[in-house]
Amino acid sequence: MIPTVLAAAVVAMIRSLAALRLQRWHLGAPAMMVLGGILIGLLVQDSVAAALNTDVAQHVAEIILAFLLFVDATEIRGGRLWGNSPGPAGRMLLLALPLSLGAAMLLGALLLPDLSWTMLLIIACVVMPIDFAPSEGVVRDRRLSARVRSVLNVEGGYNDGIVTPVFVFALLLAGSGAAATTPLDALGKAVSQAAIAIGVGLVIGSLVAWLMHRTDRAGWTTAQARRVTVALTPLLAYSAAVQIGGNGFVTSFVCGIAFRYVHRLLVARAIHRAPAGERGHALTALTRDFGLLEDLTALMTMTMWFVVGIAAVLMVVLGISWQAVLFCAAALTLLRLVPVLVSLFGSSLPRRDRLLIGLLGPRGTTSIVFGLIAFNGLPDGAPADTVLLTTVLCVIGSVLLHGVGAEPVVRRLGTTK
């Protein structure tokens with residue numbers, strides 16, 4: 001265990017010290033950490049499965065997902081649900097996303113016929129939500145139009161929050177321990193947990209943001225303490241919800257939305273009321289409070305990519321089927337592109353922008369964490385192994401396809417408008 005942690009720390013340190021240089025070679029954090037994980041996995045392959053399938057690994061993955069959902073909910077530019085493009089973003093989340101999940105299940109039924117529909121739904125939830133970790137600069141690339149960047153930013157921020165309740169529902173039905181015996185029972189549990197989660201998330205997110213504002217005005221806190229408070233908020237929200245029987249993931253996501261909204265509202269009021277010479281301080285607070293949280297999340301994300309590299313070695317040992325390879329290749333391409341084009345048909349976006357949105361759909365940390373949670377939550381056997389296999393193939397495929405391939409796509413189809 002200690003050698004593995006040491007190796008992960010060394011790879012992360014090398015990547016951090018040479019981040020800019022490596023980016024010029026299209027070697028971002030995901031690629032570096034996956035390569036490091038593969039090298040270590042080759043040395044400890046006999047103990048990989050046992051290390052991944054433990055209660056500790058399960059809880060670590062759950063906490064990381066809680067942080068990711070909170071961060072996603074707080075990072076939407078402008079703080080609005082739909083960003084600057086309500087029509088296209090709404091279509092992506094409410095039409096393209098369900099279509100892609102359904103298409104993944106249908107293709108899975110053809111290529112992986114031994115899996116139940118609940119397992120196919122779990123796999124669809126793992127491989128379809130997008131995450132820009134493999135190509136971090138896409139949503140900031142000025143060669144893309146502002147509307148395209150806005151749509152991708154909103155979709156990347158909210159699709160995992162929308163998919164999470166569906167994933168939990170399927171896992172309740174398919175998991176060990178008889179968490180739910182029928183679809184109606186699983187749906188009832190999922191709805192009950194989500195209802196509790198929404199209430200807890202709204203209360204904690206709003207209350208923490210308000211308390212931060214009040215204590216700052218009273219002179220009770222410091223800039224560092226505020227950053228610590230923000231970093232603790234998703235952990236507090238997730239733990240509180242789980243303790244009272246709610247869905248901790250939904251709570252973290254809703255908490256992030258509530259926190260961001262109240263935080264921005266109070267900072268805006270402070271800027272309006274402050275003397276002209278002091279407004280810069282209040283404006284800086286809008287972004288500085290999230291610094292520690294972003295750094296912690298980046299470190300957690302790097303850890304997950306390292307785990308993917310280790311898991312890749314296990315998948316090679318167990319065997320990689322051509323059906324799984326074909327399924328993941330389709331998930332990264334056609335199962336993303338076709339639903340996007342269908343959902344955006346007739347929208348105000350130019351044809352080139354619709355194509356860009358469909359092609360720029362990387363998979364990343366969300367898929368990794370969903371996959372690890374499912375692998376640990378399912379009974380041991382072929383279905384659990386298939387979930388882990390599709391997770392590894394999908395995210396490594398995305399590193400290759402989107403990490404390297406995003407640049408030529410943007411260069412050819414991008415615009416500076």
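Biologist: What share of the contacts in the protein with a separation of 6 or more comes from residues 24 or more positions apart?
Modeller: This is a predicted model, in which local features need pLDDT of at least 70 and side-chain atom pairs pLDDT 80 or more, while totals for chains, interfaces and linings use all residues. Residues are numbered from 1 along each chain as its sequence is written, and side-chain values use heavy atoms, without hydrogens and water. A contact means heavy atoms within 4.5 Å. For the contacts with a separation of 6 or more, residues 24 or more positions apart account for 80%.

Biologist: How many helices and strands are there in the protein?
Modeller: Both are DSSP runs numbered from the N terminus, helices being H or I with at least four residues and strands E with at least two. The count is 18 helices and zero strands.

Biologist: Is Ser-100 buried or exposed?
Modeller: Ser-100 sits in helix 6 (residues 86-111). Buried means under 20% relative accessible area, exposed over 50% and partly exposed in between, with a 1.4 Å probe and protein chains only. Because its relative accessible area is 6%, Ser-100 is buried.

Biologist: Which residues is Ser-100 in contact with, leaving aside its neighbours within four places in sequence?
Modeller: Pro-339 is 239 residues from Ser-100 in sequence, yet their C-alpha atoms are 5.8 Å apart. With neighbours within four places left out, the contacts of Ser-100 are Met-128, Leu-335 and Pro-339.

Biologist: Is helix 7 roughly parallel or roughly antiparallel to helix 8?
Modeller: Helix 7 (residues 117-127) packs on helix 8 at about 150 degrees, with the axes 9 Å apart. Axes are lines fitted to C-alpha atoms, for helices over the stretch in contact, and angles run from 0 to 180 degrees between N-to-C directions. Angles under 35 degrees count as roughly parallel, over 145 as roughly antiparallel, 65 to 115 as roughly perpendicular and the rest as oblique. Helix 7 is therefore, relative to helix 8, roughly antiparallel.

Biologist: How many charged residues are there in the contact of helix 8 with helix 11?
Modeller: Gly-157, Tyr-158, Gly-161, Thr-164, Pro-165 and Val-168 of helix 8 meet Phe-249, Val-250, Phe-253 and Ile-257 of helix 11. Ala, Val, Leu, Ile, Met, Phe, Trp, Tyr, Cys and Pro count as nonpolar, Asp, Glu, Lys and Arg as charged, and the others, Gly among them, as polar. The contact has seven nonpolar and three polar residues; of charged residues there are none.
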